[in-house]
Every structure is written in structure tokens, then in C-alpha cells.
Amino acid sequence: SAARENARTVRDVISREMWEELNALYLMVREARKSVAGPEDMAEFYERVKRAGFRYAGATDATMSHGEAWHFSQLGRMIERADKTSRILDVKYYILLPELGDVGSSVDQVGWTALLNSASALQMYRQRHHVITPRRVAQFLLLSNNFPRSIRHCVHRVQDSLHEITGTPIGSYRNQCERIVGMLRSGLDYAEMDEVMKSGLHEYLDELQTTLNDVGKCFSQNFFHLKV
């Protein structure tokens with residue numbers, strides 16, 4: 001079948017260690033269908049999935065040649081990571097916005113701490129900032145240039161891998177994908193957090209998510225669904 005053939009193709013490209021981690025995750029999830037009885041078991045399950053993801057990413061970076069296939073895997077991983085970070089941040093700001101009386105309270109602090117934890121960012125945030133404030137949390141997850149799960153950092157890595165694949169020098173473009181990614185990176189590099197907050201963080205993140213979707217579609221059309 002086509003699915004089996006695709007699996008064989010992927011198996012030929014990735015390393016043995018990656019394949020083993022992928023199979024271990026598959027078996028763990030399949031077993032969890034029998035062992036996870038209810039919501040009280042989900043926290044442990046999610047933690048196991050997260051740890052498996054870290055192991056797979058580590059195996060990918062440590063055992064796969066950093067050529068075209070690796071850069072394509074980076075494109076997918078970084079776009080997905082940027083999108084999910086934006087959605088985690090948007091949920092806290094827009095859907096879970098506390099009542100006015102709760103802003104700055106211990107309830108609100110717990111919410112922001114949980115947000116940072118969900119993005120695996122709490123420890124790194126505290127190394128940079130001693131106090132948790134909404135503006136600083138948003139700036140850290142959105143515009144940090146060295147935290148690997150920040151949106152800006154992810155977009156930098158997307159552009160790096162895209163230009164490694166195409167051979168186009170960074171700072172120029174030869175196709176629509178490079179143009180969209182270049183404009184997105186430039187917007188994040190020169191963004192001012194005060195302006196973002198003033199114009200509306202939800203609106204900013206909503207537009208950002210639309211652009212990330214456009215990037216994914218562009219990659220699909222230009223690299224995986226070529227017309228012959």
C-alpha cells in the first residue's frame with residue numbers, strides 16, 4: 001500500500017535511533033489505551049509523551065546527518081512549535097483572562113506559572129526575570145531570541161533551514177516561501193512589546209497564526225505537491 005511504501009521511504013532516511021524512539025512512543029501510546037483509566041491518569045501520560053518527544057528530538061539532532069532531510073524535519077518541527085506556543089499564550093490571554101479583581105493575585109500567578117510550565121519555559125524565564133508579569137511572560141515566549149521555544153527563535157530556525165535547502169542567501173528571496181518567512185522574521189525582530197500589547201496581543205497572535213499556516217501551505221505546495 002501507499003502508506004507502507006511511505007513508511008519504508010522514511011525508514012531509509014532517518015537513523016536507527018530515531019526509528020527505535022518512534023516505535024517506543026507508538027507502543028507506549030497503544031499500551032496507554034488499556035492502562036489510562038480516567039482523567040487522573042492523564043498527567044502522567046502527558047509527561048511520558050513529552051519525555052518521548054524530547055528523546056526523539058535529541059536522537060534526531062545527534063544521529064541524523066544535518067543535510068536536506070534534517071532541515072525539512074526542522075522546518076516542520078519549528079513551525080509546529082511556534083504555532084503551539086502562540087496558541088498556549090493566546091489561550092491564557094484571551095480565553096482564560098481572569099476577572100479584574102484576580103489580576104496580580106495568587107490565582108493569577110498560578111495561571112501564569114502553569115502557562116510557563118506548559119511551554120517548558122518556567123526555569124529559563126526565572127533565570128531572566130525574578131517576577132512573573134503578563135507582559136514579561138508574553139515577551140519571553142514571543143520575542144526571546146535565544147529561548148528555543150519562543151516564536152521568534154523558531155522562525156529564525158525556519159528561515160535558516162529553508163535557505164539551507166534552497167541555497168538562497170539569507171536577506172534575499174527566490175520564491176514565495178522565502179519571502180513570507182523573511183517578512184515574518186523581520187516583523188518579529190523589530191517588534192516592540194509595548195506596541196503589541198497596545199494594539200492587542202490576541203489580534204497579533206491571531207495574525208501570526210494565519211501567517212504560520214500560510215508558510216506551511218507554501219512549503220507543501222512548493223516542495224511536496226509539485227505539478228508535473
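The model is predicted, so local features are reported only at pLDDT of at least 70 and side-chain atom pairs only at pLDDT 80 or more, whereas totals for chains, interfaces and linings use all residues. Residues are numbered from 1 along each chain as its sequence is written, and side-chain values use heavy atoms, with hydrogens and water left out.

The secondary structure of the protein chain comprises 11 helices and 0 strands, where helices (H or I, at least four residues) and strands (E, at least two) are DSSP runs numbered from the N terminus. Along the sequence the pattern is α-α-α-α-α-α-α-α-α-α-α. Of the 228 residues in the protein chain, 35% are buried. Here buried stands for a relative accessible area under 20%, exposed for over 50%, and partly exposed for values in between, computed with a 1.4 Å probe on protein chains only.

Helix 2 covers residues 16-35, and its 20 residues reach 28 Å from the first C-alpha to the last, close to the 28 Å expected at 1.5 Å a residue. The expected span of a helix is taken as 1.5 Å times one less than its number of residues. The buried residues M18, M28 and A32 belong to helix 2. They cover an arc of only 90° around the axis, which places them on the same side of helix 2; the arc is that of the directions from the helix axis to the C-beta atoms. On the face turned away from this buried side, helix 2 carries the exposed residues R16, R33 and K34.

Between helix 5 (106-118) and helix 6 (122-128) lies a loop that contains S120. The phi of S120 is near 50°, a positive value in a residue other than glycine. S120 counts as partly exposed, at 31% relative accessibility.

Helix 8 (residues 151-166) has 16 residues that should span 22 Å at 1.5 Å a residue, and its end C-alpha atoms are 23 Å apart, which agrees. Helix 8 is mostly covered, with 12 of its 16 residues buried. Among the buried residues of helix 8 are I151, V155, V158, L162 and I165, as well as R152, H156 and H163. C154 is buried too, with a relative accessible area of 0%. H153 is another residue of helix 8 and counts as buried at 15% relative accessibility. The C-alpha atoms of H153 and M78 are separated by 8.8 Å, although the two residues are 75 residues apart along the chain. Just after helix 8, G167 takes a positive phi of about 85°.

The 14 residues of helix 9 should span 20 Å at 1.5 Å a residue, and the end C-alpha atoms of helix 9 are 20 Å apart, which agrees. Its buried residues are C177, E178, I180, V181, L184, R185 and L188. They cover an arc of only 165° around the axis, which puts them on the same side of helix 9.

A disulfide is a covalent bond between the sulfur atoms of two cysteines. With a disulfide taken as a pair of cysteine sulfur atoms within 2.5 Å, the count comes to 1. The pair is C177 and C218, whose sulfur atoms are 2.3 Å apart. The link of C177 and C218 is left-handed, with -105° about the S-S bond. C177 lies in helix 9 (residues 176-189) and C218 in helix 11 (residues 201-224), so the pair ties together parts that are 41 residues apart in sequence. Both cysteines, C177 and C218, are buried.

Helix 11 also contains D214, which counts as partly exposed at 35% relative accessibility. D214 and I180 are 34 residues apart in sequence, and their C-alpha atoms are 8.1 Å apart in space.

The largest pocket has a volume of about 610 Å³. Of the 19 residues that line the largest pocket, G53, R77, E80, R81 and R149 are the closest to its centre. On a 1 Å grid over the protein atoms alone, a pocket is an open set of points with protein on both sides within 12 Å along at least five of seven lines, and lining residues have an atom within 4 Å of a point. Grid points are joined across faces, edges and corners, and the volume is the space filled by probe spheres set on the points. Helix 3 (42-63) and helix 4 (68-95) each supply at least two residues of the lining, and helix 4 gives the most, with 8 residues. The lining divides into 6 nonpolar, 7 polar and 6 charged residues. In this division Ala, Val, Leu, Ile, Met, Phe, Trp, Tyr, Cys and Pro count as nonpolar, Asp, Glu, Lys and Arg as charged, and the others, Gly among them, as polar.

Note on methods: 1 Å grid on protein atoms, 1.4 Å probe; cavity = no way out; pocket = protein on both sides within 12 Å on 5 of 7 lines; lining within 4 Å.
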